[in-house]
Amino acid sequence: MTARGSGLMGAEAAKRLCLLNAEGDVETRGVMSWLATAAGIAGKLMVVALFWWDAIFLLIPGFSGTAGFIAQRGLPFPELLAVAAIVMLLVLPAMVFFRKTEAVGFLGLSFFCLLTAAVFHQYWNLDGGDRVMEQIQFMKNLALAGALLMLFGHGLKRAA
């Protein structure tokens, strides 16, 4: 049954919703565009939830432990680096929801994941169960960095 003869929606209303083309046939591009937008927003929310969760529920409440963990890696100014990590985990994900800052947000999160993997998940220095757990964390960060780089590239392609 077509929208033209179904009586479910008037032809004028359907045209305003971009569901009917000039010939009166159902047009799916409007629906597909809406689905693409909805999927993009939902996907972004799912990705950034990980970063916001880490900042809000792990790093902020456990600030001294976070700074101590950074100090154990021999990095200078652990408190300052902990604050920087929290700010990045809160700000960079928010940036992906705005077209002008989307690319910077994705690229920054990718860099953050790569840096975190290389500095904090050095599984190659460990043995046994610790090695396995750190390798999983390393690979998770590597995969996230790759996905974020793809989103960065997609955004650049779309803007061009």
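**View 1. Residues around the centre of the largest pocket.** Leu59, Ala85, Phe112, Thr116 and Phe120 lie nearest the centre of the largest pocket, whose lining counts 25 residues. Here a pocket is an open set of points on a 1 Å grid over the protein atoms alone, with protein on both sides within 12 Å along at least five of seven lines, and lining residues have an atom within 4 Å of a point. The volume is about 640 Å³, taken as the space filled by probe spheres set on the points, which are joined across faces, edges and corners; the probe is 1.4 Å. Please keep in mind that this is a predicted model: local features need pLDDT of at least 70 and side-chain atom pairs count only at pLDDT 80 or more, while totals for chains, interfaces and linings use all residues. Residues are numbered from 1 along each chain as its sequence is written, and side-chain values use heavy atoms, with hydrogens and water left out.

**View 2. Helices that line the largest pocket.** At least two lining residues come from each of H3 (29–59), H4 (63–72), H5 (78–95), H6 (102–120) and H7 (128–159). H6 has the largest share, with six residues. Helices (H or I, at least four residues) and strands (E, at least two) are DSSP runs, numbered from the N terminus; the protein has seven helices and zero strands. Ala, Val, Leu, Ile, Met, Phe, Trp, Tyr, Cys and Pro count as nonpolar, Asp, Glu, Lys and Arg as charged, and the others, Gly among them, as polar.

**View 3. The second largest pocket.** This pocket has a volume of about 320 Å³. Gly40, Lys44, Arg99, Glu102 and Arg158 are the closest to its centre among the 16 lining residues. H3, H6 and H7 each give two or more residues to the lining, and H3 gives the most, with six. The classes here are seven nonpolar, five polar and four charged residues.

**View 4. A nonpolar patch on the surface.** Trp53, Ile56, Phe57, Leu58, Ile60, Val83, Val87, Leu90 and Val91 together have about 800 Å² of accessible area (Shrake-Rupley method, 1.4 Å probe). Such a patch joins nonpolar side chains within 5 Å, from residues with over 30% relative accessible area and no salt bridge (a Lys or Arg side-chain nitrogen within 4 Å of a carboxyl oxygen of Asp or Glu). H3 and H5 each supply at least two of its residues. Ile56, in helix H3, is partly exposed at 41% relative accessible area, a class between buried (under 20%) and exposed (over 50%).

How values were computed: Patch = residues over 30% accessible without salt bridge, like charges linked within 9 Å, V, L, I, M, F, W, Y side chains within 5 Å. Buried < 20%, exposed > 50% of the residue type's maximum accessible area, 1.4 Å probe, protein only.
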